[in-house]
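Here are a few exercises to work through with the model open beside you. Try each task yourself before you read its solution.

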Amino acid sequence: MISRKRAVEGQIDDDQAAAAADDTLLKKTRGDCLISSAALEGTSAMEEENNQANGMEVDEGGRKQADIDEDLHSRQLAVYGRETMRRLFASNVLVSGLQGLGAEIAKNLVLAGVKSITLHDEGTVELWDLSSNFFFSKEDIGKNRALACVLKLQELNNAVLVSTLTGTLAKEQLSNFQAVVFTDVSLEKAIEYDDFCHNHQPPICFIKSEVRGLFGSVFCDFGPEFSVFDVDGEEPHTGIIASICNDNPATISCVEDERLEFQDGDLVVFSEVEGMTELNDGKPRKIKNARPFSFTLEEDTTQFGLYKKGGIVTQVKEPKVLQFKLLRDALRDPGDFLLSDFSKFDRPPLLHLAFQALDKFRHDMGRFPGAGSEDDAQQFIDFAVNINESLGDGKLEEINKKILQHFSYGSQAVLNPMAAIFGGIVGQEVVKACSGKFHPLFQFFYFDSLESLPAEALEASDFKPLNCRYDAQISVFGSKLQKKLEDAKVFIVGSGALGCEFLKNLALMGVCCSPKGKLTITDDDVIEKSNLSRQFLFRDWNIGQAKSTVAAAAAVSINPDLHIEALQNRASPETENVFDDGFWESLDAVINALDNVTARMYMDGRCLYFQKPLLESGTLGAKCNTQMVIPHLTENYGASRDPPEKQAPMCTVHSFPHNIDHCLTWARSEFEGLLEKTPNEVNTFLKNPNAYAASMRNAGDAQARNLLEHVLECLDTDRCETFQDCVCWARFKFEDYFSNRVKQLTFTFPEDAATSTGAPFWSAPKRFPRPLQFSSSDPSHVHFVMSASILRAETFGIVVPEWAKNPKTLGDAVDKVLVPDFQPKTGVQIVTDEKATSLSAASIDDAAVINDLIAKLEECAKKLPPGFRMDPIQFEKDDDANYHMDLIAGLANMRARNYGIQEVDKLKAKFIAGRIIPAIATSTAMATGLVCLELYKVLAGGHKLEDYRNTFANLALPLFSIAEPVPPKMIKFRDMSWTVWDRWIIHGNLTLGELLRWLKDKGLSAYSISSGTSLLYNSMFPRHRDRMDRKVVDLMKEFAKVEVPPYRRHLDIVVACEDEEDGEDVDIPLISIYFR
């Protein structure tokens, strides 16, 4: 049902796959072809400027090589990798049809960074178009659609050449492109274009997509043989081998460090196996009987060597070749459809028919069916029935005429949320077409959101156009819902990638666009360069400005009627004076556009408390999800949480790493310790030595001792006064980290060491390390010293000389450093307990040692220049010129070299150490479009649980999983019932006794009442009975120290109750006392 399964019939063998890879993926760059007739003059100059902007260089063969701007594209690189990005940079794409869908596709492709995009449209801008194409304004009405888009689209990315075609498109012109997209073309023309593309050499990838009201479709044809070199974009799975038996078939067991992700039929290769070295030949082998920590190898190992130890098993990702059908053939024999909503299992075949019937209607009638026209709908249904009858054995047994009627009513409208969804899907398919990265959609996909229609039936008069920019939307939803959208009060939290898309969508939909409506957006962040590849409302001249302010201004330029207030407050307990009770109570809906769980949980709690709908979404690379949190209908966001990520034990990270993640975690920790935490500690000490000494004495533990040792070391033995001192320090650090510590570790635990049970100490997953010998002829060694010494100089305020950045000169300076010999010591304690939380062992004489260290530190301080302070360095991953990632990558890779772990480049190190969240524009656009379909339901009101939809999608596969939300857990007591959404509200400034009687009337006996962490009443405490006549609010002020600012009208208490009859505990809702 997902594309992986459906594509089996289109596969060819592995040899053909390898042979076809070059033909399909490494298409010649047609850089010398004219891209459009409109760009005849000055094309070569524009292309030259484009190449320079894209950082392209020409190799000896005349092909252009892209130098990727990693600051701009870092989040996208984390998804695609360099090779895919280079292929994108060499790709020319045509987008035909510049209504809402075409504009969304073009926007996503320009942000992705294709080489060129040509916009084709013969039509002119109408008022109708302003509700779906965010590039258009009223001033553009009457202009050619493509010409009206080109300048604003170019602003998104100057490295992409954007041009236009405004006349009739001849099929021969398609030869200029690697991929072509049509969003508004007749079937007759589409078949003609597809035939040409399919049979072209090399094939041109053809995509046809339409959005008609609440219905959408995609068709892909990437040629007779299309190679996919990476079907899912996931890193190859690996495992650390624990044992291999000499058997037929052989069973391989892996260490129970992490569950294996292998599946039956996967191909794997082996490396580093000791004993059974025959497996290290690099030959892919097929596995079966995959289990969480073991699998079976389809191979006879009885004659192989006896397994001793070690070994890594790695999944092999082989290219896959797909054989696409022509559109003319696929229309009659579409094969399996890609499903999205299993509650609509029979919907795709009907929509396959409906889109053909709409083409027939437009061809014969010369127009679209009228909105709400029953006559046109009946004519449309007749066309569908006739087409169905012509299909013979392939015809549908039943046709749902009600669905076809809805299709007909809204068929002329291009709704913004639908355009955003399909703009994301189609944009991703173009990336696949140009790069071979991810599995293409094979071949038809249909989607509808009929459940977004208002719950009440609409009359024909409801669809009557009002001669306004929202007429397309009115033709689907009616004018009553349009007014509700315009009068709504909405709160968007976050103005990053999701926030920008939401603002654009809401502006086009007309949400908060009447004098009664108001949109509030808040974000405390500022714009950075890396934002520009996804957050399309920002431009390079906005870098450093507040995100919310810039985004709000851009949204108003899309729709001047938008009533918006931009704030720079983080939504948190500290800003509840800004987002007070009155603010929350005024809202109709809340939209999260956040990137962290903590903020999401806070917003979930506030929406629960004030019973406001929360529309939640998130992305991770090509994946996205949406969750609807609807008062009293669905569970809340916090009701189900992902398990926390597994953290590597401290001893593994510091002494026994076995993958590059461990090395990078250690490197980030060392960076922060050396360059941020220790300098901060130094400054804290120097600011007030007596107070610092007192706090250390009071702590009196191993951690305080450790801090003092680092501060003393920094100001005494490791203090730098010249840049040469910094070079010496960096060279000594290299020796300490990568030689001395390893020598000490292997002295304490030799290669043949055994555990207390007699098992080898250095058994998997532990890897036995080897010390490094510094060499100034090794560029990686010198680069480590360069970055370390430059950053050390920065912390001491030392000017960095020019020669420091010359590897040859610096290498000569390093060679002059005298490094003392190291002798391992006996009795050194090295933590091996995986449960240990500290590497510093406690000592009975910690207090004495601390006093001695303080005395030395005070003496050392006397030798410092007056006013001496250090300059701590806070890690910043997105500035490639600051040497931060150079040092972290150097630390991690030298450590990896110690332990025989595969090293990584600086970019990969940045992804892991910088904890960069992979992000692309396509999945972001899709997520926000899906949420806005739900916003129609929220603001319309009256929808049932089964009308709402939660979604998980992975555009890489592609996979779409849409389902109803989960209802909240219901608690019942006698004739009452409640959920997490309920809050019991009491009006009046009542006493404690009155509160207890209020509960007693419900059959509940309260035995404990609390506010925050403070107890106001407990039935076990006799003295609490004296509080019966006191106001509950006064008790909260006195005992819970609750402050009651003027804007607060109520206070909350938590009451623990039991059933008066049987004494069983009853979990009741929060109680709010409205005392004002």
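A salt bridge here is a side-chain nitrogen of Lys or Arg within 4 Å of a carboxyl oxygen of Asp or Glu. This is a predicted model, in which local features need pLDDT of at least 70 and side-chain atom pairs count only at pLDDT 80 or more, while totals for chains, interfaces and linings use all residues. Residues are numbered from 1 along each chain as its sequence is written, and side-chain values use heavy atoms, with hydrogens and water left out.

**Exercise 1.** Find the partner of Asp184 in a salt bridge and say which parts of the chain the pair ties together.

Solution. Start with the atoms: the closest N and O atoms of Asp184 and Arg212 are 3.1 Å apart, which makes a salt bridge. (Helices, H or I with at least four residues, and strands, E with at least two, are DSSP runs numbered from the N terminus.) Finally, check accessibility, where buried means under 20% relative accessible area, exposed over 50%, and partly exposed in between (1.4 Å probe, protein chains only). Asp184 is partly exposed at 30%, whereas Arg212 is buried at 2%.

**Exercise 2.** Describe the salt bridge between Asp524 and Arg570.

Solution. Take the distance to begin with: it is 3.0 Å, N to O. Then look at the loops: Asp524 belongs to the one between β19 (518-522) and α17 (547-558), and Arg570 to the one between β20 (564-567) and α18 (581-586), so parts 46 residues apart in sequence are tied together. As for accessibility, Asp524 is partly exposed at 37%, and Arg570 is exposed at 53%.

**Exercise 3.** What can you say about the backbone and the side chain of Arg974?

Solution. Begin with the backbone: phi is near 55°, a positive value in a residue other than glycine. Arg974 lies in the loop between β26 and β27. Now the side chain: Arg974 forms a salt bridge with Glu1061, with the closest N and O atoms 3.3 Å apart.
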